Amino acid sequence: MADVPNTNPFLDDEDVEKPGITATGENDIESQAAKTSDHHELSLDALAASLLKENFVLTALEFHTELLETGREIPRLRDYFSNPGNFERTKDEFGTASLHRTSSIQTFDSLDFARYSDDGGGQVDERVAVLEFELRKAQETIKSLRASLTQEAENELGSTEQVNEGVVTLGQEEAIKPMDKKAINFLINEYLLLQNYKLTAVTFSEENEDQDFEDWDDVGLNMARPPSLLHLYKDYGNHATPVMSTEDFHCQVELEREEDQKVWEEWTDLKSQLESKVADLENQIDVCKKENKSLKSQITELYDQRSENQVIYSSAPSKKHSISTNQDNDCTLGVDNSVNNCNEECDRTDVTDSVKDSDSKAKSVINGDQSRDRDISEGSSESVVVLDRNGSLDDRSPTMTISPTSESTEDTSKRHLTPTFRKALLDVCFHVSKDNRIVHEVSQIIGADRDHIITMLARCLPHIVPNVLLAKREELIPLILCTAMLHPDSKERDKLLNILFNLIKKPDEEQRQMIMTGCVAFAQHTGSARLIEELLPQCWEQINHKYPERRILVAEACGALASYLPTEILSSLILSMLQQMMVDDKEAEVREAVVRSLGILFGFISDTDKYTQGCELLWTSLKDPSERVVMTALHVFLPSLAVWADELDKLQHSLIHSVVRDLEELVKCALAAQKASNSTHIPLNESRFMNSMAALQELISFLYVSVIKTGPYSDRVGEVLHNVVDVDISRFPKPSSILSDLKVVCGDKDQLSALVHLFENHIGKEWFEPWDSFNWVVNNLIPRLLEVVLGAGLALPKIVNSLCRCFFLLSRTFGKVFVEKRLRPKFIELMVLTDEHTDHRGYAAAKQMSVTTCVVPVYAAGVLSAFNSEEDRQQLSQFLQEILCTLSMYQAPLDSLKAAFTELSSTHSNHELLLTVLWDAVVHTSPQVRATSARLFELMVKGVGENLISTRVFPALVTLGTDPEIIVRTATIPALGAIIENVSLVDMLDRVYMQFVTFMDDRMYRDEHEVNIELIRTLARVGPNAEPRFRDDLILPRLAFVALNNNHQQNERKRTEVALQLFEAYSALSCCFINDQLVQEAMLPGLRCLKQDMAAVAPEREEVVSSIIKDYEAKVEGSRSGNMPSNHGPEDVKSRVMNRIKDTTSKANISNIFTRKK
């Protein structure tokens, strides 16, 4: 090694000289050393230079520390030890000690196949070469990263000042870069320590915990530590730019100044010179490219020579052999560096660089490459660089092959063996068996390139896979895919892909995700042609596999690969595969995966003829018996098809129209069936209706975006976007899936805000110009939905809830202005009572009013409660009061109002409002209104908390319980029973029990038939859930008393109604545990009285009562004798009663035995 070279690996030798040891600096040091040998007296700086020159680094470091302690710092030592490049060594500076690699870190770049051979540690030098190669690659990576960071910092250095008419003015404060911040922090901390601000320095260090102030290298810049902050401040005045003289000419204007013309001419000349220099540089680039091409061809020739002269060595090389290998590695490194430098010079076209430097660099590179080329050509028989067959430098292997020439023989041994004898000797010692497949494969590893490795993997993988545990085969997925992507033979690729799809017998969700990710990578790497030819046939073969997990894999693969296939294949082959699986497969999980892939597929299909087929598949999936398939269709398939329908202008008139038409047909068929059977119940297909309503709710977002995008204001969207109008879009309901989110459907939040702002401003005018999609919503969709609401009925709570939810989403999405101007008038017009409804005695007419239908809960819970302002809540309260009074005055059914209270009470914020409405009805002058409020309190007990029940509900019921009107007091009985069922407060329950005692024991109620019926019905409902003391002390004795009095009832109608209610009550109580004494004193006497009534009014039920009596008598007799049968418990009594009821079905129609009297 000659004089000490530039030890900074981040800088070339041609770059700007650093303050380290240069050639000139070394000459000065030698002259100074000569003088000191004569005069025996050295200066401090010369001593430091001498220590560094002789590479006494530790001594120099000690010397530098002692100087720092005495306050005499030498710039040479400071710059040397602050530069991290001075302490990074190349491979030549390391020893050749035996260093074994760990087997856990292996890549294709550093794969050492030879260490698994039989000679074991005999390949020490090869491993050392591999480690040196990896070290060199790591150093190059560090060099490139630090150089790029330093270059970025230097490029941005000039952006902090702006030159204006020759005067330097500081620009506005810019965001500080991380490396700039660290450098400034380092200087500030150094200044604080030097000025003895130790406490401030400690605080500053604590506030910057992520930085090490003891080490300049932590900053990360490829430069020496800068001078102190004080030195930079004092030196700042030396860099000031001279200020140009200016004159004030007031209002005089000079269009063209002589100075400007002169500057223009100078700039033109400079431009022409630069253009000529650029042309010269381009010519030099062409020359470099030719040289590069020539070098690559020569390297390819060298590779061919290497393959011809390749020989396998079995014995460990000597020390000289190792040295020769290192020298050859140096030669290889020189070739690589020369080619890389040439490529870098060819790519460098920046005209701002120094033209002279570029010329000299290009010439030196060309000359250096030519000289190295000649050296390699002359010594090509000695060593060959291992590269791939294409001569690619990026894919080269670090392995080196040494040919047994005379010179290498002379290096390794003093013996003179003939090549033939040497080869025979090696063959005898290391004989490769041709019968063993693995031995043969291992023997092919040495000198293998990438193609050889790929083919070897393709041969070995089919033998490896069957011997790997099923639970660990997923680890082979990356290897199989990589081999399949890179293998040159199509047949081998098919075999590998077949192994991939059959790798795991029943792949779970995570394993399928791994395979899908690999398939996507395969598609990205190979393109659509190979994807169609190689991967799709594997999917087609698995379409009818016996395991559902395999079929799910096929369905998911069709969706995952959709974006990489041509649209013709999507609309033909892929669509046919998914359609076949959708129709034929019996597994719900497979159909779910198919529906999800269909959603992805119709996001990429462009053939408009397939739209109808997509709609048919959508309706099929929505009618699927599996709820998971239906939910996937709603959240994935439907949004994808809706976007395409909007593109084709078929969203309103085709897709949404089909959903509404399905709802209309369901309601029409249900009404026709009700009319034919003369029933009060509408036999609506609940599941199908709910699916259609869910689809309509999912489409509201897409309908809204379609409407606001097509308005007459659409040409002003750009202006609103430019002005950044802030619109509160939080008012929109939470989407059921990410695909139906308005921001996603519209594009982004700003686009949505702009369109919403323009839409609401437009329709908020007193008169505005409507458009087609807006008119369709107002004049087509809403009236048709109201017809569906009128015919849906109130018997099914889920249907009522879905209708309320649909109008709630419609109101919240289209906004308050739309609701006030277009939606509310439709409902108000529908609920206005005409003259034919004014007769309070016309009960039949009142049954047909819209206020007795589902319109009331939909309007209250879906429209009026959509917004929560004080005005909106006032409107809701007023509407409920009007409906309550109207239905009470007309003596119409309360089902619609009860449904409205049920829907509204599900929201906690509505509880106070509902209780206020009911309390206003409690103090109303009309007894019908007060009775209605008492019946509605039963719903509130089930919907509110115990605190509100004790403070608001129960006091109101107490007030109504003392009402002078008997119908009002009777109406409170169901609400009191609801308190017993839902409340656990002892004090309140005791007061309720006392109220029931009053109803049962007071003489004024004994002859009130309606009171007795309501009491028996309520006690039958709450008896099994009531406390035992209430049931034993109140319910059973009073029921026995009522049954005894009913035997003497002269009115046949009243006797029948009471007997039927008693039968239902005793049937429910027979399932409870009752002690023997109470059975004898209350239960059996009441049942015997009921048996007499049943024999007279309902003989078909007498047998059931007799069975209950026999069971209780047997229980009592068993307990007296001490051997009570174990099968006479409450559950057994219940089963016996139900069996008796079933046995009587041949004698009478028992379908309405437990139907409560209305």
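Analyst: Let's begin with a rule for exposure: a residue is buried when its relative accessible area is under 20%, exposed when it is over 50%, and partly exposed in between. Keep in mind that the model you are looking at is predicted.

User: Why is Glu54 called partly exposed?

Analyst: Glu54 has a relative accessible area of 44%.

User: What makes Glu54 and Lys53 a salt bridge?

Analyst: The rule asks for a side-chain nitrogen of Lys or Arg within 4 Å of a carboxyl oxygen of Asp or Glu. For Lys53 and Glu54 the closest N and O atoms are 3.9 Å apart, so the pair qualifies. Lys53 is partly exposed too, with a relative accessible area of 28%.

User: How many salt bridges does this rule give?

Analyst: The count comes to 30.

User: How do you know that Arg1021 and Glu938 form a salt bridge?

Analyst: Their closest N and O atoms are 4.0 Å apart, and the cut-off is within 4 Å, so the pair is counted. This pair links distant parts of the chain, for Arg1021 sits in helix 42 (residues 1009-1022) and Glu938 in helix 38 (residues 927-943), 83 residues apart.

User: Are Arg1021 and Glu938 buried or exposed?

Analyst: Both Arg1021 and Glu938 are buried, which means that each has under 20% relative accessible area.

User: What does the salt bridge between Glu1113 and Arg1088 tie together?

Analyst: The closest N and O atoms of Glu1113 and Arg1088 are 3.1 Å apart. Glu1113 is in helix 46 (residues 1102-1121) and Arg1088 in helix 45 (residues 1076-1097), so the pair ties together parts 25 residues apart in sequence. Glu1113 has 32% relative accessibility and Arg1088 has 36%, so Glu1113 and Arg1088 count as partly exposed.

User: Why is Glu207 called exposed?

Analyst: Its relative accessibility is 62%, and exposed means over 50%, so Glu207 passes the cut-off. Glu207 is placed in helix 7 (residues 198-207).

User: What makes the surface patch with Glu206, Glu207, Glu209 and Asp210 negative?

Analyst: Its members are Glu206, Glu207, Glu209 and Asp210. Asp and Glu count as negative, so the patch is called negative.

User: How many helices and strands does the chain have, and what share of its residues is buried?

Analyst: The chain has 47 helices and 4 strands. Of its 1158 residues, 43% are buried.

Note on methods:
Residues numbered from 1 in each chain as written. Predicted model: local features only at pLDDT ≥ 70, side-chain atom pairs only at ≥ 80, totals over all residues. Heavy atoms only, no water. Patch = residues over 30% accessible without salt bridge, like charges linked within 9 Å, V, L, I, M, F, W, Y side chains within 5 Å. Areas by Shrake-Rupley, 256 points an atom, 1.4 Å probe, with all protein chains shown as cover. Charge placed at Lys NZ, Arg CZ, Asp CG, Glu CD. Helix = DSSP H or I, 4+ residues; strand = E, 2+ residues; numbered from the N terminus. Buried < 20%, exposed > 50% of the residue type's maximum accessible area, 1.4 Å probe, protein only.
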